[in-house]
Amino acid sequence: MESFKNFVEKVGYPRLIIGGFLFILSIMAAMLSIPIPGLIGDILTRIGMNGILVLAMVPAIRAGVGLNFALPLGIVCGLIGALISIEFKLTGFTGLFITLIVAIPLAAIVGYFYGQMLNRMKGQEMTVGTYVGFSVVSAMCIFWLLAPFRSPELIWAVGGSGLRVTVSLESSIDKVLNSFLSFNFAGVQVPTGLLLFFGLCCLIVWFFGKTKSGVIMNAAGSNERFATATGINVNQQRILGVILSTILGAIGIIVYSQSFGFLQLYNAPLYSAMPAVAAILIGGASIKKVKISHVIIGTFLFQALLVVALPVLNILADGNMSEVIRMIVQNGIILYALTRKTGGDLA
Amino acid sequence: MLTAEYLLQMKDVSKDYSGNRVLKGVNINIKAGEIHGLVGENGAGKSTLMNILFGMPVIHSTGGYEGDILIDGEVANPKSPKESMELGIGMVHQEFMLIPGFSITENIKLNREITKDNLFSRILGPKMKTLDFKKMGQDSREALDKLGMSIDEWLPVAGLPVGYMQFVEIAREIDKDNLKLLVFDEPTAVLAESEADRFLKIVRKLADMGIAILFISHRLDEIIEITDNITVLRDGEVVSNLITKDADVHKIAELMVGRKIESTNMDKIFKEETEDEDYILNIKDLYVDMPGEVVKGLNLKVRRGEILGIGGLGGQGKIGVANGIMGLYPTKGEILKNSESLPLNQPKKSLDLGVAFVTEDRRGVGLLLDDSIEHNIAISALQIKEKFIKKTAAIRMMDEKMVREHALDMIKELDIRCTGPKQLTRRLSGGNQQKVCIARALTLDPDIILVSEPTRGIDIGAKKIVLDLLVKLNKELGMTVIITSSELAELRSISDRIAIIFEGKLEGILAPNASDVDFGLMMAGEYGKEGVS
């Protein structure tokens, strides 16, 4: 009994419940003879798609800003990058790189100013962030309408003014990462390039945590007064964390979009921070402490749950039950995590 | 029992916090109309005693207390603040518990409002009753008049001078019909001198009205001036019950401090400061705005290679000195280190110039609680001295191997009891946490180490180890140690000289073997006034 208790404490309730739920769903999927290799392929793709957006939470948490609910800031930067590369008719990897090259400095600048703003309202970052995210999405709606893009791929077909709600990437960067070195193993389509890119981003963030800057940023985030007494410029470190988080948000949406095949503009980024926040919390992170393993575990659990739940519930129940389940899990887990100071794993 | 002789009797009151005995058989008797003084150093047990008297939850959630509290000769033993209020015990707080936006009357009558019926209350119950402002105003007027206050009872509290706020608090207490005993906790600490005089007159007046008064203060002259009897507490024991007529400031000061000093430190020779000595630190007219520990114009010289103790009562500013030198709170004035000016308000510059700091707030400022011992030890040196860095392709990585080795050395050298360098500092005991803090400071190779309250909240064994360690650093490495502590005995056991801070200024510097009287007088700010005895 004692060892069971320890086990529960170590794994944490969120991970245990979601994990258990996922396990039950998987067994049901097998019993309902839903093709398992297809599901696994889907899970892998979705991990790669969403992983970097989840990873974007890491620098913000480490710098002491908490969960970055203003992820849409980075996302719109990424979208602008993609739009520009389409405008210039760039395709394949060239298109992807130019997208990144445009998006990253843009995200850095936006992150800098957002970080400045957060330094003036310490202690309320998450509330402020949520509304900054909402406001930016709305403000960008005007931008999408007025932006001087000319490519017929981007603007409304009839009338010809303002960007479309969804822009197809078919002729530009659609699935460049997904299909890179992709292979089929026992019926499972493995998106090698996508996973490698996600892995690379994780590695870079992990590596950054081991550098002097990373260690100092972490210290500034975990105890502001300690950091001040150690001669660390806390505000500067917080800005650094926000910049990194915004950049990862930009990269994240580019990777997401190329896999999805469409750019989604206007109101689409409105709630984009919520799944990422939920995933990292399920992974075992808290608003103070996070590890790269939390990103990977959390993305896996959250995305796998969605992938498996969809076909199972569609057979068992009518309508879009899986969307309902996703909402309950996502918002429930955010609520749960915000009521606790520490995450699932304390070790 | 017939008519009780005493209004309040505390009989044999004892209290321990998890085995640590903070009160030992305290007896206090107060008659109606008596002003009774209660004095003692910080940690002597005054606040615990007051918490017991008020039935504060902190007492009952930690196992209650032994002994009895008698009111009018009957055992009362209040179990909650509400009960003690019903018994007629009132308190005027050091920090005013007033609502700024409310008028004086509303504050006086808060939660005891006078109400009258109206149509809705008859239907919906007493919560809907209208406030009888006229009557409340009359009551407040009466209470204010008793205090000789001519101020309009309908003015808002916000914007009143502090002195007036204090009077509003008192008015609130005397407005309670059943008030028998009023406790003042450091009432004059926030008052200007003229206000304080007026205040003392009012206290006298209250006593003449038949209210018993328990007066807690660090200002001994005040105590002598106003009280009838004095109880001196030391280390949780009543060391003396005095009649004020027979007491003087010297006697009380001696009683308050009186402790045996460890004889090991008695052979230190005390030299007067001279101009041409080698001072490592010269503090001129230092002001530090640290909440609760404000330094107001301190001048202090520190000799190279000495252990300087900084003592004084709580709230007088001793803690502010080290925090000011490190630039952790807004500071002005001048600090010279090796005759060079030390930039103020810039912690990084202070650390760069070889000043290290072990904070009094171990868990708040001193440690990354959710990080490992090795990181905690290394991080300051990593930031300030660029130690523990390995360069790979222009990227500065933390050299984990070096960090580990250094941590292992420190663990061995300072005898940090832990499961290994990876253990989180949150899981360590107070003494071992303190050692981690010291280890971090040492990793900076400082020439001056500032140590604040090094033994607060750690057990006796660890205390000795920490103090011995400081002495060792001083002797073997020639480090200048500035130790700030509330425990005078501790300062006297290791320091070469002890500076006493009073009201944010240097009151004087004493040898560790100076007499108890001198220490007591200095801490109470009476040394200069009475002349050296």
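Because it is predicted, local features need pLDDT of at least 70 and side-chain atom pairs count only at pLDDT 80 or more, while totals for chains, interfaces and linings use all residues. Residues are numbered from 1 along each chain as its sequence is written, and chains are lettered from A and ligands numbered from 1 in the order in which they are written.

Start with chain B as a whole. It holds 20 helices and 24 strands. Helices (H or I, at least four residues) and strands (E, at least two) are DSSP runs, numbered from the N terminus. The C-alpha trace of chain B spans about 85 × 60 × 45 Å along its principal axes. Of its 533 residues, 45% count as buried. A residue is buried if 20 or more other C-beta atoms lie within 10 Å of its own, exposed if 12 or fewer, and partly exposed in between, with C-beta atoms placed from the backbone. Now take the contacts in chain B with a separation of 6 or more: residues 24 or more positions apart account for 67% of them. Two residues are in contact if their C-beta atoms, placed from the backbone, lie within 7 Å.

Next comes an open sheet in chain B. Its 4 strands run in the order β2-β1-β4-β5, with antiparallel pairing. β2(B) and β5(B) (74-75) stand at the edges with a single partner strand each, so one side of each has no neighbour in the sheet. Two strands pair if DSSP finds at least two bridges between them. Strands β1 (residues 8-17) and β4 (residues 66-71) of chain B pair in the antiparallel sense over 5 bridges. In that pairing, K11(B) stands opposite D68(B) in β4(B).

Follow β2(B) to a loop. E34(B) lies in the loop between β2 (20-30) and β3 (35-39) of chain B. Is E34(B) buried or exposed? E34(B) counts as buried, because it has 20 C-beta neighbours inside 10 Å. Leaving aside neighbours within four places in sequence, E34(B) is in contact with A207(B), A212(B), D228(B) and N229(B). E34(B) and L7(B) are 27 residues apart in sequence, and their C-alpha atoms are 9.4 Å apart in space.

A second open sheet of chain B has 6 strands. Their order is β18-β21-β22-β15-β23-β24, with mixed pairing. The edge strands are β18 (355-358) and β24 (505-510) of chain B, and each pairs on one side only. The twist averages 20° from one strand to the next. β18(B) and β21 (residues 448-452) of chain B pair in the parallel sense over 4 bridges. The bridge partner of V355(B) is I448(B) in β21(B). Helix α16 (residues 430-443) of chain B lies across β18 and β21 of chain B, running at about 175° to β18(B). Axes are lines fitted to C-alpha atoms, for helices over the stretch in contact, and angles run from 0 to 180 degrees between N-to-C directions.

Where do the chains touch? 24 residues of chain B are in contact with 16 residues of chain A. On the chain B side, α12 (347-352), α13 (362-366), α14 (373-384) and β20 (395-398) give two or more residues each. The largest share, 5 residues, comes from α14(B). This side divides into 15 nonpolar, 5 polar and 4 charged residues. Ala, Val, Leu, Ile, Met, Phe, Trp, Tyr, Cys and Pro count as nonpolar, Asp, Glu, Lys and Arg as charged, and the others, Gly among them, as polar.

Now look inside. The largest nonpolar core has 250 residues, and those with the most contacts inside it are M57(A), I213(B) and L450(B). A nonpolar core is a set of buried Ala, Val, Leu, Ile, Met, Phe, Trp, Tyr and Cys residues joined through C-beta atoms within 7 Å. Beyond four places in sequence, the contacts of I213(B) include I35(B), L182(B) and F184(B). Helix α12 (residues 234-260) of chain A gives the core its largest share, 14 residues.

That helix has a packing partner. The axes of α10 (residues 212-222) of chain A and α12(A) come within 9 Å and cross at roughly 110°. The two helices are therefore roughly perpendicular to each other. Angles under 35 degrees count as roughly parallel, over 145 as roughly antiparallel, 65 to 115 as roughly perpendicular and the rest as oblique.
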